[in-house]
Each structure stands twice: as C-alpha cells, then as structure tokens.
Amino acid sequence: MINKEAILAALLGKSFGRNVIIFETIDSTNTYSKSLDKNSAPHGTVVIAEEQTSGRGRLQREWVAAKGMNLLFSVILYPEFNVEKIALLPLIGSLAVADAIDKVTGLSSTCKWPNDVLINQKKVCGMLLESSSGESGIEKIVLGIGVNVNQQEFPRDLLTKATSLRNECGRTIDRTILVSIILEELENRYEQLSHFSPQQLLQEWKLKALLFGKKITVLESQSSYAATAIDIADDGGLIIQTEDGSKRKIFAGDVRLAYN
Ligand code: BTN
C-alpha cells in the first residue's frame, strides 16, 4: 500500500503533497477532492486511492484500474494566475508526468494533446481537470491523474490502446517514488507557469509531443473527422488542418492518430 510517511520523506517540493490524504477505496479521488474546502485541503493537497469504485475519465468515460497496482490521485490547486495560463494546466500536467516516468523507468514517453502520456503509442496516463468558480472566476482546480503502473492485464478492448509501465519496462515500479517525482515535476512546472511566459513550456511540451505533422481523427461527442495536427497555440489549443485545407483550433474533444 502507498504510505503517507514514505511520500513525505521522498518529497523535495515545498507545497505539492505536503498534505496527503490516502484511501484504500473511494468512489473517485476527483469527486472527493471537489468536496473539500480550502481550510481542510489547501493548495497542493493530494488525495490518493488504491482503488476507485467510480473512477472518471474525460468525455464522460469511466477510468478502470486494478486495485493496489496503479497511481490514482488528484492534486488540488488554487491558481493565482490568469485564465489563459489556467488553460495550459493540462500541458504542464502531461509534461510533468512524462518527465517523471522517463526518470523512473528510463523509457521515452510522449505527450498526446491535450493531456495523455503514451509509451510506444499506447496510453499509460490520463488526466481529468475539473474546475469550480467563484465571484472572480475560476478558483479551484482538481487535477486528477491516473497512471497505469504495475497492472499487467488489460481488458481485451484496451489491449491495443493501453499499457502500463510494468509492461513496457519489464520490472515492477515503486509507486511511492513515482508519485513523489511526479509531484516534484508538477510543482516545478507549476512554478514555471506562474512566473514566466509560457513559450518555453510550450516548446518543451512540443519536444515530447508526437502528433505534429501526423494524420489524426478528431473525435467529437456526436461525430468525427479527419485532419492533420499542425501545432499547439499559445493558449494550449491544438491547431489542425482539415481535409478541405482550412485551419482551425480545437480546445476540447479527443484526437486519435489515424493509424490507431
Ligand atoms: C482520461 O484519460 O480520460 C482521464 C482519466 C483520469 C483518471 C484519474 S484517476 C484519479 C482521478 N479520479 C478520477 O475519478 N479520475 C482521475
């Protein structure tokens, strides 16, 4: 089981993970995190579960993960920067997780817009960002992160789409070390986003991205269409070119590499 004291001992950052709440089983770490107020769960609080009974993914999907083998956690954020920077949180999240995975496993992970992390073109990590607003706009963000760590078996329909760190690097990964390094990377990237213009971050994200120049399928709630991924805009949107040659920027939805 993931151990609070071990995480605290391994952490190098100053706020992310300094307050950790761990559950053996919970419906969803995101749902629980959203219910907490700022006094009991200040900026940087982390809620971790060994198992979720109603884990939630993006686009109303569910997130299913075997008990005790993966990382299922949410980070509670009270951003003090503007809404343009808040839109870049998915990118810093995926960059932080990708860098942490590479450090711990020696593998080369890639980022897939908006916030997935892939290894050998299969998904190892997904993120669900949920916000709540007050009088002055967005106040609180819950950044939910699911990493497939030591799970070896996947449902048949996910076999070509999902993988785990264990399956890719052939050894069991220490989840406490991994979550500590993810939190450290995340805090560093968050500070970078807070204090500097986002150009450097976007540049670094692009270096780990695999979509650009590739044919993709854009999946919307009721339909899908073919396009080519061109670039990432300064506001975090994905610039695509559709088959009639016109360019547009998308902010939500999901994309799939055309051959996937
Ligand atoms: C996706 O790729 O669709 C996003 C998956 C996000 C899953 C994580 S697991 C921890 C947190 N709690 C949830 O219910 N969801 C997120």
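**Reading a domain interface**

Mentor: Let us begin with separation: in this predicted model, the C-alpha centres of domain 1 and domain 2 are 24 Å apart. The protein chain is divided so that domain 1 spans 4–208 and domain 2 spans 212–257.

Trainee: How many residues of each domain are in contact with the other?

Mentor: Contact is a matter of heavy atoms within 4.5 Å. Here 13 residues of domain 1 are in contact with 16 residues of domain 2.

Trainee: What area do domain 1 and domain 2 bury between them?

Mentor: Buried area is the accessible area that two parts lose on being put together, summed over both. For this pair it is about 1,200 Å², with 60% of it on carbon and sulfur atoms. On the domain 1 side, Lys-112, Trp-113 and Lys-206 supply 48% of the area buried against domain 2, more than any other three residues.

Trainee: Which side chains meet in a salt bridge?

Mentor: A salt bridge pairs a side-chain nitrogen of Lys or Arg with a carboxyl oxygen of Asp or Glu within 4 Å. Lys-206 and Asp-231 meet in this way, at 3.0 Å from N to O, and the count between the two domains is one salt bridge. Residue pairs in polar contact between domain 1 and domain 2 number four, counting those with both residues at pLDDT 80 or more.

Trainee: Which helix gives the largest share of the side of domain 1 that touches domain 2?

Mentor: Helix H7 (residues 199–207) does, with four residues. By class, that side of domain 1 has eight nonpolar, one polar and four charged residues.

Terms used: Residues numbered from 1 in each chain as written. Predicted model: local features only at pLDDT ≥ 70, side-chain atom pairs only at ≥ 80, totals over all residues. Heavy atoms only, no water. Domains from an automatic or database assignment. Buried area = accessible area lost by both parts, 1.4 Å probe. Polar contact = N/O pair within 3.5 Å; in protein donor to acceptor, adjacent residues only side chain to side chain. Helix = DSSP H or I, 4+ residues; strand = E, 2+ residues; numbered from the N terminus. Nonpolar A, V, L, I, M, F, W, Y, C, P; charged D, E, K, R; others polar.
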